[in-house]
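Colleague: I am new to reading structures. Can we go through this one together, term by term?

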Amino acid sequence: MLKKVIRVMESRVNQNEQVQARDIAFLLFLTFLNVINYIDRQLIGVFANWIVPELDLSNFEFGLITGPIFIFFYAVMGLFMGIIADRVNRTRLIAFGLGLWSFLTVLSGAAKGFLSLALPRMFIGVGESTLAPAAISLLGDRFPAKWQGFVVGIFGMGVSIGLGLSLLIVAYLEPILGWRGCFYLLGGMGIVLALCMLLMRETPRRHLGEMQKEDGISTSKGLLDGFSFRAVALDLRNLMASLPSLTATLVGSIVFTLVLGAATFDQLWFVQERGFDRNEIAQMIAWIAISAGIIGNLFGGYGGDIFLRRTGIGRPYFLALVMVILAPLIITYRIVDPNSIWFWIGVFAIYFQIGCFYGPAFGTIADLVPSKKRGMVIGLTVLLIQILGAALGAVTAGLMIDTFTKYGVSQPYSITLLIFTAISLLAIPIFVFAGRRFETDRQKMSEA
């Protein structure tokens, strides 16, 4: 699969003589870091069947840890890190964040209760918030604009691969190391990778703005020179007001990610309401998540780019079409018997859809927003979809499950997850509008 991805990348980027094999290698390294990022982010969720009973957590407390406690700091700092990424050496910023979140992952493995798990997870969000805005900003400067969806789709493969590998860790390493040992192992790997990232050179920016270019590296006069929250807020407001397709893409992404937050309870659902063994289901889902996610990332990124060039309609419209086609399968998956073939088709469909999301959504942002403001806007996107989407979805789902359980409702996990699946479909008309408006907004930006 990796060789195929490299061949496809080479065939695409050779159209631009400035792109070299080292750029592709850099993309794949950032994608690997994204894999580690998402493994780390998912560890608590995939180990729910161990952590919840051992630390005596309620569904609400578990939802807090996987939702607001982690995501609030991740999202708020994501905006701040996006602003910083527009002003400093981005490779060093990523190295700092990677080292921080890896050290705190080690501390998470030593947790004895709610507070001792919640505190390190809170600041892990700070570390992980550096990667997406800095990495996508870097990729925007290394690759042609017309392939931004495909390139971001490759980077986004880290989400699906990370999800799958986190489940494989449960299936194969938990029996050997225990859940705490898995935290220690991943944290140690991250610290080593952070040292490697320090050796990477910064990429010159295409639009330097107030920045100066020194020795091939874009630098600013000072981290906070001329910085103003008021100016940042004004910039964001003006961009959103002048680019309806950007605003609609952001709103649609928030609605879509509500169900991803609720999916934190999937492992508990598999075991408690579908009767699976907690290690066996992790192993089965892992391989589907990896294969479906990779295919989805390639299909969403490459397909969205081709759709845009051939129709003139933006990538979000393509994502809406994918969601319409997959909706019946994903709804059926929550209802049918797990022995049915439709159950496993639904599992494939949901991870395929997750993979499809990142290329069209973030590729649209990278295409519309100037380089010198890209990190800031990506940071804002991360902030809003994580707080209003994933975090709200996780904590609300936890409350709903506890409430349904309290009043004796049959299958509280299934009902809750079905409700959030239905809510996510509201993103479809929003993405349709964003896609239809995209070309007009892109022309407006090119003339500005």
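Colleague: With which side chain does the side chain of Asp441 make a polar contact?

Modeller: With that of Ser245, at 2.7 Å. A polar contact is a pair of N or O atoms within 3.5 Å; within protein, one must be able to donate a hydrogen and the other to accept it, and residues adjacent in sequence count only if both atoms are side-chain atoms. This is a predicted model: local features need pLDDT of at least 70, side-chain atom pairs count only at pLDDT 80 or more, and totals for chains, interfaces and linings use all residues. Residues are numbered from 1 along each chain as its sequence is written, and side-chain values use heavy atoms, leaving out hydrogens and water.

Colleague: Why is Asp441 called buried?

Modeller: Buried means under 20% relative accessible area, exposed over 50%, partly exposed in between (1.4 Å probe, protein chains only). Asp441 has 0%, so Asp441 is buried.

Colleague: What makes H2 roughly antiparallel to H7?

Modeller: The axes of H2 (residues 21–46) and H7 (residues 131–142) come within 11 Å and cross at roughly 165°. Axes are lines fitted to C-alpha atoms, for helices over the stretch in contact, and angles run from 0 to 180 degrees between N-to-C directions. Angles under 35 degrees count as roughly parallel, over 145 as roughly antiparallel, 65 to 115 as roughly perpendicular and the rest as oblique. Therefore H2 is roughly antiparallel to H7.

Colleague: How do you know that Cys356 is buried?

Modeller: Its relative accessible area is 0%, so Cys356 is buried too.

Note on methods. Helices (H or I, at least four residues) and strands (E, at least two) are DSSP runs, numbered from the N terminus.
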